[in-house]
Amino acid sequence: MNARDSGDAAGSGEPENCGAVCRAALRRIASGVGVLSVRTGVTMHGTTVSSLTAVSRDPLLVGLCLVHDSVGLGLLKRRRDFAINILNTAQAATARWFADPSRPRGPEQFDRVEWKPDLFSGAPLIDGALAWLSCRLVATVDAGDHELLLAEVVDGAAREGEPLLNFGGRLHQVELADSVPRRLADASRRSVSGSAL
Ligand SMILES: Cc1cc2nc3c(=O)[nH]c(=O)nc-3n(C[C@H](O)[C@H](O)[C@H](O)COP(=O)(O)O)c2cc1C
């Protein structure tokens with residue numbers, strides 16, 4: 001069923017009241033999962049996010065969205081420097097933990113994970129993550145019930161592994177396979193300069 005079949009948009013092409021059908025459609029966007037971490041003088045905080053996306057190559061910018069009442073958002077807007085831990089496929093429990101509103105506030109919330117401080121922001125870099133980004137907040141945009149954040153990537157590191165995926169409102173472990181035979185993929189890489197950041 002689509003929004004028009006359900007009568008929500010009445011076939012007019014206008015997104016009048018897309019509601020549940022459109023939210024279901026949005027849940028079909030597969031995304032990686034990260035933990036945003038921030039350290040201020042007195043505290044540290046982690047927030048699970050799946051809204052992270054690469055935005056610009058020069059300068060290197062990432063975007064992410066946080067709900068207005070997010071504790072992490074408040075701290076991040078004050079501190080401006082923060083880190084993003086891109087989780088690997090075995091870190092679903094970490095993703096759930098940093099989304100759990102009953103977790104302790106303050107540095108104790110990091111007692112469950114091994115971490116080391118980011119040299120740039122002082123924020124926790126979680127051991128075993130697929131990648132780490134050190135970021136500086138450069139702009140915010142009010143976006144409905146969320147705030148859209150734009151941040152410059154000032155440092156980073158990556159390792160081999162598979163990403164944790166958020167899809168259909170659930171976390172998924174994945175084992176990636178090339179969608180085309182490797183010989184064809186190599187040939188197309190030689191002939192086309194990719195647009196990926
Ligand atoms: C897989 C997953 C992805 C999430 N992505 C986001 C996100 O992109 N933005 C957001 O505001 N909350 C997101 N959340 C919810 C927050 O992690 C959760 O509400 C958190 O406790 C609120 O943040 P806070 O601790 O900063 O208050 C996500 C939760 C999960 C489990």
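Me: Which residue in strand 3 does arginine 39 stand opposite?

Reply: Methionine 44. Numbering starts from 1 along each chain as its sequence is written. This is a predicted model, so local features need pLDDT of at least 70 and side-chain atom pairs pLDDT 80 or more, while totals for chains, interfaces and linings use all residues.

Me: What makes strand 2 and strand 3 a pair?

Reply: Two strands pair if DSSP finds at least two bridges between them. Strand 2 (residues 34–39) and strand 3 are joined by 6 bridges, so they pair. They run antiparallel. A hairpin of 4 residues links strand 2 to strand 3. Strands here are DSSP runs of E, at least two residues; helices are runs of H or I, at least four; both are numbered from the N terminus. The protein chain has 4 helices and 12 strands on that count.

Me: How do you know that strand 3 is mostly covered?

Reply: A residue is buried if 20 or more other C-beta atoms lie within 10 Å of its own, exposed if 12 or fewer, and partly exposed in between, with C-beta atoms placed from the backbone. In strand 3 (residues 44–49), 6 of its 6 residues are buried. Both faces are covered: Met44, Gly46 and Thr48 on one side, His45, Thr47 and Val49 on the other. Over the protein chain of 197 residues, 28% count as buried.

Me: Why are strand 3 and strand 4 placed at the edges?

Reply: The open sheet has 7 strands in the order 3-2-6-9-10-5-4, with antiparallel pairing. Strand 3 and strand 4 (53–56) each have a single partner strand, so one side of each is left without a neighbour in the sheet. The twist averages 35° from one strand to the next. Angles run from 0 to 180 degrees between N-to-C directions, with axes fitted to C-alpha atoms, for helices over the stretch in contact. Helix 2 packs on this sheet, its direction making about 50° with that of strand 2.

Me: What makes strand 5 and strand 10 partners?

Reply: 7 bridges join strand 5 to strand 10 (residues 146–158), and the two run antiparallel. Glycine 63 stands opposite leucine 150 in strand 10.

Me: Which residues touch the most other members of the largest nonpolar core?

Reply: A nonpolar core is a set of buried Ala, Val, Leu, Ile, Met, Phe, Trp, Tyr and Cys residues joined through C-beta atoms within 7 Å. The largest has 35 residues, and Phe82, Ala83, Ile84, Leu87 and Cys135 touch the most other members. Strand 6 gives the most to this core, with 4 residues.

Me: With which residues is isoleucine 84 in contact, leaving aside neighbours within four places in sequence?

Reply: Gly34, Leu36, Leu52, Leu133 and Cys135. Contact requires C-beta atoms, placed from the backbone, within 7 Å.

Me: How many residues surround the ligand, and of what class?

Reply: 17 residues surround the ligand, the closest being Thr47, Ser51, Ser70, Gly72 and Ala99. A residue is near a molecule if its C-beta atom, placed from the backbone, lies within 6 Å of it. The shell has 10 nonpolar, 7 polar and no charged residues. Ala, Val, Leu, Ile, Met, Phe, Trp, Tyr, Cys and Pro count as nonpolar, Asp, Glu, Lys and Arg as charged, and the others, Gly among them, as polar.

How values were computed: Contact = placed C-beta atoms within 7 Å.
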